[in-house]
Amino acid sequence: MNYKKYLVLFAITCFGSTGDALLKRGMNDFGPVDLHNVLHVVTALGNPWILIGILSLIVFFASYLIALSWADLSYVLPATALGYVVVTLLGKYFLHENVSALRWLGVMLVSCGVGWVTRGPSLTVPQAPVKEQHEIA
Amino acid sequence: MKSLDLWLAISMIVLASSGGDVLLSAAMKRIGDLNDLRRRRGLIVVVGRVFSEKLFFLALCCFSIGFFSLLTALSWGDASLVAPASASMTFVVSAAMAKVFLKEDVDHRRWVSALLVCVGVAILM
């Protein structure tokens, strides 16, 4: 793992959670969606928060594809779960939401999981067939 | 009965999104390191390779099924149950599916991480 690869994981974490928070911010401006007039939600695309949110989620998906091209799925998923922590922090400091003590415990557990998995190898090395291993020996 | 329907819908969300992740991972492994490919052949080739990969579109189909299952589950049950239950279980089910279908080396470290994140996310949501 070089610093560029950590940067990709960081991008997944940041752009995914920031995209969600920006969409939420935009939808706060837009107001509740009327189920009898669902198509009206398309006009929300004119909101700059929504547009930046969508751009952010496009960058998130591209980074996710890049990470899966060189790392295991069972590594990438927990390693990028820090996004849930970022969403909580954004909720607290950007959207001024109330974060309970129990949710801070959740933040701690997710952070421990992320820290634990990122210290291990990112990719499963395919093992050579037994016959080939004997030939090499 | 309604509770059973709800848990079936939640299971569908978890299976579809984990299946989508597994298919997406398999598609990207077939193409190879995207950074290397971009350096050697350029960005257009990378985009072309991704969009010509059948598994990529199968993954998108799975994500769509997961999304509509989520909408269905949300119409039957509270978001405070559906969102944490589906998001947290996805980490463990994806690890299991990655071990079975992608033959990934899911060792103790990855299982413990998946469980910690699973419980953490369930509390957070």
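Predicted model: local features only at pLDDT ≥ 70, side-chain atom pairs only at ≥ 80, totals over all residues.
Local features need pLDDT of at least 70 and side-chain atom pairs count only at pLDDT 80 or more, while totals for chains, interfaces and linings use all residues. Residues are numbered from 1 along each chain as its sequence is written, and chains are lettered from A, ligands numbered from 1, in the order in which they are written.

**View 1. Chain A has six helices and zero strands.** Helices (H or I, at least four residues) and strands (E, at least two) are DSSP runs, numbered from the N terminus. Of its 137 residues, 35% count as buried (20 or more other C-beta atoms within 10 Å of the residue's own; exposed is 12 or fewer, partly exposed in between; C-beta atoms are placed from the backbone).

**View 2. Arg25(A) lies in helix H1 (residues 3-30) of chain A.** Arg25(A) counts as partly exposed because it has 19 C-beta neighbours inside 10 Å. Leaving aside neighbours within four places in sequence, Arg25(A) is in contact with Trp49(A) and Leu95(A) (C-beta atoms, placed from the backbone, within 7 Å). Ile50(A) is 25 residues from Arg25(A) in sequence and 7.8 Å away, C-alpha to C-alpha.

**View 3. Helix H5 (residues 101-118) of chain A meets helix H6 (residues 108-124) of chain B, their axes coming within 7 Å.** The axes cross at roughly 160° (lines fitted to C-alpha atoms over the stretch in contact; angles run from 0 to 180 degrees between N-to-C directions). H5(A) is therefore roughly antiparallel to H6(B) (over 145 degrees). Contacting residues include Leu102(A) and Trp116(A) of H5(A), and Arg109(B) and Leu124(B) of H6(B).

Note on methods:
Parallel < 35°, antiparallel > 145°, perpendicular 65-115°, else oblique. Contact = placed C-beta atoms within 7 Å.
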